[in-house]
Amino acid sequence: MSAKVIDCVAIAEEIKKELMSDIEGLKKKGISVGIATVLVGDDFGARMYRGQIEKFCQEMGVEYTNANPSSDASEADVVKVVEELNENDKVSGIIPLRPFPEHISDYAIINTIELNKDIDCFHPYNMGKLTLGEITFAPATPAACIEIMDREKVNFEGAEIVVVGHSNIVGKPISILCLNRNATTSTTHIFTSMAKNLEKHTTGADILIVAAGKANLITPAQVKEGAFVIDVGINRVKVLDENGEPVLNEKGKPKTKTVGDVDFDAVKEKAGKITPVPGGVGAITNMMLMRNTVKAAKVQHGLE
Ligand code: NAP
């Protein structure tokens, strides 16, 4: 039987509406909700992400501040930019857009962000609180995974949850959030794969959350019958024809498409529930960031 495909776009739309009414309510009280991004230089991926954030801000009535020091700005200069954003009443939340140039330490910037403006939970203090189960802001992507599971009424207690990927911003906090809800969590990573143990773990998962950034890493052989599969990965791959040759676009360049880490078409026939890519976790992630921003505005005005 084919899996239930979770309509993450519809969930995101629902959350967006709720947040927009919240934002309107705050505006009536004279409280503005705002996001500032800090991009140093012009990294392509970071610029793309910034564009997305700016678009959501416009659509949702959130003030947007674009801090964009040049790539040769010193670390001290960028720290000063963040300090100014900390003091700016129009900025409820600050998002550092990485990668930074090599001469700038991630920690120098992240550790400067005011704790109540750290809406993607980068600061070690907020990450420490998250680990202890005292969440101020859950990082957006892990929060999106939890939102999906909550809406599907997952019973975390005793559930076997396997996370593939252990990055500080995605895999690790997802595992911690699930562990704090008393799931039995296993966190797997590249060394699990290298030791040829990935399948041993993933086939035991009631819920399999994949955040590795490797297209088609998860095939049906790695999934338990009826499992809930949440695909966080976002990968650009070439479109291939039936002979495995790249399909070219009108400019003669290979066509590309976005896929997750899971072989969706094949795994959907074995899983019980599955999230698609595109139109999956990413859509909800954006709204989690917005939810954290609204929360930050409330916290800063003593409303939470
Ligand atoms: P990352 O920092 O590159 O981390 C990837 C993780 O996967 C690492 O822990 C890595 O292990 C592990 N890994 C890599 N290859 C593996 C393999 N063959 N088997 C098992 N584990 C493997 O990436 P990230 O920032 O966590 O993001 C992960 C993916 O999610 C990317 O595709 C990214 O684009 C996507 N993403 C999506 C959203 C969303 O909202 N949907 C948000 C953020 C990121 P090692 O560190 O040991 O190499």
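Begin by selecting Ser167 together with the ligand: a polar side-chain atom of Ser167 lies 2.5 Å from an oxygen atom of the ligand, a polar contact being a pair of N or O atoms within 3.5 Å. This is a predicted model, in which local features need pLDDT of at least 70 and side-chain atom pairs count only at pLDDT 80 or more, while totals for chains, interfaces and linings use all residues. Residues are numbered from 1 along each chain as its sequence is written, and side-chain values use heavy atoms, with hydrogens and water left out.

Next, select Val232, where a polar backbone atom is 3.2 Å from a nitrogen atom of the ligand, and then Gly282, which has a backbone N or O atom 3.4 Å from a ligand nitrogen atom. Of the ligand's own accessible area of 920 Å² (Shrake-Rupley method, 1.4 Å probe), the protein covers 72%.

Now display the shell of 21 residues around the ligand (a heavy atom within 4 Å), in which His166, Ser167, Ile190, Ser193 and Thr285 come nearest. Helices H8 (190-194) and H11 (281-300) are the elements that give two or more residues to this shell, and H11 supplies the largest share, three residues; helices here are DSSP runs (H or I) of at least four residues and strands (E) of at least two, numbered from the N terminus.

Finally, turn to the open sheet of six strands, ordered S1-S11-S8-S7-S5-S6 with parallel pairing, where two strands pair if DSSP finds at least two bridges between them. Its edge strands are S1 (4-5) and S6 (184-188), each pairing on one side only. Select Val5 to find Ile274 of S11 standing opposite.

How values were computed:
A polar contact is a pair of N or O atoms within 3.5 Å; within protein, one must be able to donate a hydrogen and the other to accept it, and residues adjacent in sequence count only if both atoms are side-chain atoms.
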